[in-house]
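Trainee: I have a structure open and would like to go through it. Can we take it one question at a time?

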Amino acid sequence: MDDLTQEIDELKRRLKELTAAAANNETIMKRTQERELTLLRADSLAQLLRAMVDGLRESYSLDAVSVVLLDPQHEVRHLLVAGGERPEEFKQIFFVDSLIGLAPQLTVLNKPWLGPFVGADHHLLFPGTPNLKSAALVPLPRKDRATGALCFGSRDQTRFTRHHGTDFLAHLGAVAAVCIENTVNRARLLRAGITDFLTGWHNRRYLQQRLKEELARAQRHAGTIACLMIDIDRFKSINDAYGHLAGDNALKEIAQRVETQIRSMDTAARFGGDEFSIILPDASAAEAANLAERIREVIAAVPFALTEQIERSLTVSIGVASILPGRHETDLKAVAERLLADADAALYRAKALGRNRVQVGTG
């Protein structure tokens, strides 16, 4: 009888453990489903990335969350910029050309890896978070390869161990990967409506929208914003002499040379025809003029290959203007128009003074 009683007690204990485990798994599953729904509802790439970092950290009570994204062509970063964001502000998102180098496990990550945090191996994934004891690296799989990883860190050494199941994490990684692909595709479609097809730069409509956003930012932080207006000298003569294909080649090459000089936080756009504009946040008139002079020099330094047989030296005239939006300015559209008009007026003074020069506005 005692043996039977002990067996019954053991079965009760085991049933209690299984019930508790089932309840815990149900809680985890509900939490995971809620978090996955949040990721699926993200309207933009920036919103999704914030949900993946801040949302997952809060939802799972983690000490650190970071995301590694393969971005060898810098497309994801460009899409963030096109959406009005600054990639450098996403501190816990690592945009990389290769998964090699950040952590040894990432090079062969085809399923979630859980185990002890090893400083020599994992410190690059969690900068600024000390005393981590365990980690989970979850692949973001698309088309039979990892396109990045979700990285979770905890100060609890028992939080992630090699003995834990990984099904929930693997499913979360797959959902996150699909969400990234969807928001990237959506961002591509949005960019198509605000991008100049020839140069790949933004168009005038985007520039004017972006300028108002940067003016609002400058207003909040009492900062200065500058604008360059760039015009190719005697561009019509290129089209007349060599045809529009030669003119298109000149426009594309000028855009490429200008890109080598500007910062990632700057916004460059084809304003129309042979005129380009650049918005420079947190830049004074003097700093903008220095940049304009570098652009003028890099364009004048080397002849342009207009066709396979024809090379020609080109020059540009550049107008510079800056503005410090007042705290009580309410019509930022009018402020934007004033800044563009000042830069445009400076551009025409540069042309009137002989072209191939930089002129700073007086406004």
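Mentor: Leaving aside neighbours within four places in sequence, alanine 285 is in contact (heavy atoms within 4.5 Å) with Val320, Ser322 and Val360. Before we go on: this is a predicted model, where local features need pLDDT of at least 70, side-chain atom pairs count only at pLDDT 80 or more, and totals for chains, interfaces and linings use all residues. Residues are numbered from 1 along each chain as its sequence is written, and side-chain values use heavy atoms, with hydrogens and water left out.

Trainee: Which helix holds alanine 285, and what is its relative accessible area?

Mentor: Helices are DSSP runs of H or I, at least four residues, and strands are runs of E, at least two, numbered from the N terminus. Alanine 285 is found in helix α9, residues 285–301. Buried means under 20% relative accessible area, exposed over 50%, and partly exposed in between, with a 1.4 Å probe and protein chains only. Alanine 285 counts as partly exposed because its relative accessible area is 23%.

Trainee: How many disulfides does the structure hold?

Mentor: A disulfide is a pair of cysteine sulfur atoms within 2.5 Å. The sulfur of cysteine 179 is 17 Å from the closest cysteine sulfur, in cysteine 151, so that pair is too far apart for a bond. The number of disulfides is 0.

Trainee: Is cysteine 151 buried or exposed?

Mentor: Look at its relative accessibility, which is 0%. Cysteine 179, at 3%, is buried. Cysteine 151 also counts as buried.

Trainee: Which residues is asparagine 239 in contact with, leaving aside its neighbours within four places in sequence?

Mentor: Asparagine 239 is found in helix α7, residues 235–242. The residue is buried, with a relative accessible area of 17%. Alanine 250 is 11 residues away in sequence and 9.9 Å away in space, C-alpha to C-alpha. With those sequence neighbours set aside, the contacts of asparagine 239 are His244 and Gly247.
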